[in-house]
Number of protein chains: 2
Amino acid sequence: MIEFKLDIKSGVPFYRQIVDQIRYGIASGRLLPGEQIPTVRDLAVQLEINPNTVSKAYSELEILGVLDTQQGTGTFVAHKEVEITDSEKDRMLGQICDELVARGQQYNLTLKEIYEHMQRRIENE
Amino acid sequence: MIEFKLDIKSGVPFYRQIVDQIRYGIASGRLLPGEQIPTVRDLAVQLEINPNTVSKAYSELEILGVLDTQQGTGTFVAHKEVEITDSEKDRMLGQICDELVARGQQYNLTLKEIYEHMQRRIENE
DNA sequence: TCTATTGTATTATAATTATAGTACATTATC
DNA sequence: GATAATGTACTATAATTATAATACAATAGA
């Protein structure tokens, strides 16, 4: 399970922060395939937002195949079925890191700072 | 002078991205007090957005005392210190990492893979 | 079967964000 | 003084985001 947290000051829409945090959780291995995530109502209470906003995030991830939802039961991390070739993964890896550096540059964040931030977050898991 | 760049995928409002990039630019010393920044119309053309959106960003920064505007002349960096707190910097780091690690998840990239790729880049610098 | 819990759907409302178009006031410059 | 460029102001429109309240359908479990 992961801990959800909204940054009110960031300007990033709430539903979008939830989407990103779930995907981050999967990428970090803290959310495993088949694992249940909080119910729409529970997460809404926890984050002090409207259930519709949580539902919007979950729906978006279900359409993308990231989550499986079962009415009456709950919402679960999906079992990935799409296979991606190593070469494509490598290409995306480079692209993601390029983008990380470029985004960081806009806000005077160095490659090292970003790296160390990731390190801290990995260690605190 | 700084190079402005908008991240369309981030969900962060355009005017907000402009505000932050100017603030961080001043804080880092890449924008100097008294220096002229692009005109409302020029930046709008450059970023392919509406002039009103640029104007909104500039107005907000003028209220904060970060920019001085002179009708008929242009907009200039004010003689005022801009401080980016550690917590704000941390929030920005978190936001960028969340967004891009989440984006990598689409391609089955793990946090560890991204982290290690960054490490290799640092070593090759 | 009954009940509680789950996700889902709907309608309404409001605030925010962005665009489009137009116009005006101020300033520098020729 | 005339002109061009500047920031500013205004109205209108649309899409997005978030909330509120309600209801319905599916499931698990007593």
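Which backbone oxygen does the side chain of Arg16(A) reach? In this predicted model, the side chain of Arg16(A) comes to 2.6 Å from the backbone oxygen of Lys9(B). The points below start with that residue and go on to chain A, to the aromatic rings, and to one helix of chain B.

- Arg16(A) belongs to helix α1 of chain A, which covers residues 14-28.
- The relative accessibility of Arg16(A) is 18%, and buried means under 20%, so Arg16(A) counts as buried.
- Apart from neighbours within four places in sequence, Arg16(A) is in contact with Lys9(B), Ser10(B), Gly11(B) and Glu99(B).

**Chain A as a whole**

- Chain A contains five helices and three strands.
- Their order along the sequence is α-β-α-α-β-β-α-α.
- Along the principal axes, the C-alpha atoms of chain A fill a box of roughly 45 × 40 × 25 Å.
- Chain A has 125 residues, of which 46% count as buried.
- Taking contacts in chain A between residues at least 6 apart in sequence, 52% join residues at least 24 apart.

**Positive phi angles in chain A**

- Glu48(A) is not a glycine, yet its phi is positive, at about 60 degrees.
- This residue, Glu48(A), sits in the loop between α2 (40-47) and α3 (51-63) of chain A.
- Glu48(A) has a relative accessible area of 75%; exposed means over 50%, so Glu48(A) is exposed.
- Asn108(A), also a residue other than glycine, has a positive phi near 60 degrees.
- The loop between α4 and α5 of chain A holds Asn108(A).
- With a relative accessible area of 21%, Asn108(A) is partly exposed.

**Aromatic pairs**

- A pair of aromatic rings is described by how far apart the centres are and by the angle between the planes.
- Over all chains, a search of the whole structure finds two aromatic pairs.
- In the pair of Tyr107(A) and Tyr24(B), the ring centres are 5.4 Å apart and the planes stand at 80 degrees, so this pair is edge-to-face.
- Tyr107(A) lies in the loop between α4 (86-106) and α5 (111-123) of chain A, and Tyr24(B) lies in helix α1 of chain B, so the pair joins two chains.
- Tyr107(A) and Tyr24(B) are both buried.
- In the pair of Tyr115(A) and Tyr115(B), the centres are 4.6 Å apart and the planes are at 5 degrees, so the rings are stacked.
- Tyr115(A) is part of helix α5 of chain A and Tyr115(B) is part of helix α5 (residues 111-123) of chain B, so this pair joins two chains as well.
- Tyr115(A) and Tyr115(B) are also buried.

**Charges over rings**

- In chain A, the charged end of Lys56(A) is placed over the ring of Tyr15(A), 4.2 Å from the ring centre.
- In chain B, Lys56(B) lies over the face of Tyr15(B), with 4.2 Å to the ring centre.

**Helix α3 of chain B**

- Helix α3 of chain B runs over residues 51-63, which makes 13 residues.
- From its first C-alpha to its last, α3(B) reaches 18 Å, close to the 18 Å expected at 1.5 Å a residue.
- The buried residues in α3(B) include Val54(B), Ala57(B), Tyr58(B) and Leu61(B).
- Viewed down the axis of α3(B), the buried residues fall within an arc of 95 degrees, so they line one face of the helix.
- Asn52(B) and Ile63(B), on the other side of α3(B), are exposed.
- The buried residues of α3(B) are covered by elements of chain B including α1 (14-28), β1 (36-37), α2 (40-47), β2 (67-70) and β3 (74-77).
- At the N-terminal end, Asn50(B) caps α3(B), with a side-chain oxygen 2.9 Å from the backbone nitrogen of Asn52(B).
- Gly65(B) follows α3(B) and has a positive phi, near 80 degrees.

**Arg41(B)**

- Arg41(B) is located in helix α2 of chain B.
- Its relative accessible area is 65%, and Arg41(B) is exposed.
- Arg41(B) and Thr73(B) are separated by 32 residues in sequence and by 13 Å in space, C-alpha to C-alpha.

How values were computed
Residues numbered from 1 in each chain as written. Chains lettered and ligands numbered in written order. Predicted model: local features only at pLDDT ≥ 70, side-chain atom pairs only at ≥ 80, totals over all residues. Heavy atoms only, no water. Helix = DSSP H or I, 4+ residues; strand = E, 2+ residues; numbered from the N terminus. Expected span 1.5 Å × (residues − 1). Buried < 20%, exposed > 50% of the residue type's maximum accessible area, 1.4 Å probe, protein only. Arc of directions from axis to C-beta. Contact = heavy atoms within 4.5 Å. Polar contact = N/O pair within 3.5 Å; in protein donor to acceptor, adjacent residues only side chain to side chain. Phe/Tyr/Trp six-rings, centres within 6.5 Å; stacked < 30°, edge-to-face > 60°. Lys NZ or Arg CZ within 6 Å of the ring centre and 35° of its normal.
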